[in-house]
Amino acid sequence: MRILVTDGMDKSAMAALTAAGHEVVEQFYEPDQLGAALKEFDAVVVRSKTKVRANHIDEAKEGKLKLIIRGGVGVDNIDVKYAESCGITVRNTPKASSQSVAELALGHMFSCARFISAAGATMREDKWEKKAYGKGIELQGKTLGIVGFGRIGQKLGIMAKAIGMTVIAFDIYHIPGIEEELGIKYVDMDEILSTSDFISVHAPAVDGGALINAENIAKMKDGVNIINTSRGSNIDEDALLAALESGKVRSAGLDVYAEEPSKNHALYSHPMVSCTPHIGAATGEAQKRIGEEIVDIILNF
């Protein structure tokens with residue numbers, strides 16, 4: 001097979017594919033060039049930067065393309081149904097990055113609780129703002145509401161319980177036996193909103209608008225802390241910024257944004273926002289696992 005890797009992949013995975021007799025080409029294509037390029041490959045591996053849309057698939061289906069792999073969990077950057085209607089298989093790597101994303105979400109929770117991001121930034125400006133950041137909170141004893149209780153949400157829940165948090169979860173799908181296994185109960189969305197001190201979003205992008213919007217923020221406890229390492233579209237950024245300004249939301253930890261790279265300077269520079277540039281899966285361990293999963297998909301395909 002000729003395999004195109006557009007957004008990078010672990011070197012050991014590329015070596016394994018080459019050793020198996022495949023040709024691997026690592027190159028990024030701009031959107032107006034992508035469709036024509038895909039015609040020349042049997043498979044393409046993308047991350048979040050490359051968007052494979054219907055117009056690209058229309059060009060590619062006239063050529064060799066048979067397989068699209070998303071190195072990661074979400075596949076909202078691929079027109080999956082259209083690709084599959086054209087006979088092109090779409091796969092992802094849902095297991096590989098769960099631990100890394102869950103750990104980053106927990107890291108943002110600690111950062112929000114103790115002003116780690118903001119306090120560190122002021123020290124790099126040669127300021128000693130001990131009084132300004134001397135009113136942190138502990139995570140122990142707080143309630144964490146997890147919106148989206150798949151692999152990442154479950155891992156975060158386990159870690160949060162280990163540090164003494166009460167954890168509840170909302171998901172439209174209920175996994176049989178998971179409540180008893182983890183000691184974390186499913187509740188409805190309104191209970192998440194009204195009782196949680198921290199709310200962490202781990203749902204895929206959904207149709208119908210943001211999960212965290214002005215209406216839902218109004219239902220939350222005063223001083224709630226919101227974490228999002230899922231998809232930027234899951235939060236109404238204008239509503240979040242307004243709530244941060246009013247104090248309704250105490251803090252936010254964000255790894256994903258409505259537009260990436262984000263141009264919402266008012267949001268990501270807010271003193272009560274802990275921010276990272278979409279690095280949830282950006283650990284050496286996760287990248288190695290993603291690469292291994294991609295190799296398995298291709299060899300089995």
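Which residues is F301 in contact with, leaving aside its neighbours within four places in sequence? The points below answer this and describe the surroundings, in a model that is predicted.

1. F301 and its contacts. Leaving aside neighbours within four places in sequence, F301 is in contact with M1, K66, L67 and T89. F301 is found in the segment that follows helix α13, which covers residues 284-300. The C-alpha atoms of F301 and L67 are separated by 8.5 Å, although the two residues are 234 residues apart along the chain. With a relative accessibility of 44%, F301 counts as partly exposed, because that class lies between the limits of 20% and 50%.

2. The five-stranded sheet. Two of the contacts of F301, L67 and T89, are bridge partners, T89 being in β5. Strand β4 (67-70) runs parallel to β5, and four bridges join the two. Both strands belong to an open sheet of five strands in the order β2-β1-β3-β4-β5, with parallel pairing. The edge strands of this sheet are β2 and β5, each of which pairs on one side only. From one strand to the next, the twist averages 20 degrees.

3. Strand β1 and its two partners. Strand β1 (residues 2-5) pairs with strand β2 (residues 23-26) in the parallel sense over four bridges. With strand β3 (residues 43-46), β1 pairs in the parallel sense over three bridges. L4 illustrates both pairings: it stands opposite V25 in β2 and opposite V44 in β3. Strand β1, helix α1 (residues 11-19) and β2 together make a right-handed β-α-β unit.

4. Helix α13 against the five-stranded sheet. Helix α13 lies across β1, β3, β4 and β5, and it runs at about 165 degrees to β4. The buried residues of α13 are A286, Q287, I290, G291, E293, I294, V295, I297 and I298. What covers them includes the strands β1, β3, β4 and β5 as well as the helices α1 and α5 (98-114). The length of α13 can be checked: at 1.5 Å a residue, its 17 residues should span 24 Å, and the end C-alpha atoms are 24 Å apart, which agrees.

5. Is N77 buried or exposed? N77 has a relative accessible area of 5% and is therefore buried, the limit for that class being under 20%. N77 lies in the loop between β4 and α4 (80-85). The side chain of N77 reaches the backbone oxygen of R47 at 2.7 Å. Not counting residues up to four places away in sequence, N77 touches V46, R47, S48, T50, K51, V52, R53 and R70.

6. The seven-stranded sheet. A further open sheet has seven strands in the order β8-β7-β6-β9-β10-β11-β12, with parallel pairing. The strands β8 (185-186) and β12 (273-275) stand at its edges; each has a single partner strand, so one side of each is left without a neighbour in the sheet. I168 stands opposite K185 in β8.

7. Helix α11 (residues 237-246) lies across β10 (224-228), β11 (249-254) and β12. Helix α11 runs at about 135 degrees to β11.

8. Backbone points for the reader to inspect. Where is the cis peptide bond? A cis peptide bond joins E260 and P261, with omega about -5 degrees. P261 has its place in the loop between β11 and α12 (265-268). D126, a residue other than glycine, has a positive phi near 65 degrees. D126 lies in the loop between α6 (116-123) and β6, and at 77% relative accessibility it counts as exposed. H278 is not a glycine either, yet its phi is positive, about 55 degrees. H278 is found in the loop between β12 and α13 and, at 27% relative accessibility, counts as partly exposed.

Conventions: Residues are numbered from 1 along each chain as its sequence is written. This is a predicted model: local features need pLDDT of at least 70, side-chain atom pairs count only at pLDDT 80 or more; totals for chains, interfaces and linings use all residues. Side-chain values use heavy atoms; hydrogens and water are left out. Two strands pair if DSSP finds at least two bridges between them. Contact means heavy atoms within 4.5 Å. Axes are lines fitted to C-alpha atoms, for helices over the stretch in contact, and angles run from 0 to 180 degrees between N-to-C directions. A crossover is right-handed if, with the strands pointing away from the viewer, the path from the first strand over the helix to the second runs clockwise. Buried means under 20% relative accessible area, exposed over 50%, partly exposed in between (1.4 Å probe, protein chains only). The expected span of a helix is 1.5 Å times one less than its number of residues. A polar contact is a pair of N or O atoms within 3.5 Å; within protein, one must be able to donate a hydrogen and the other to accept it, and residues adjacent in sequence count only if both atoms are side-chain atoms.
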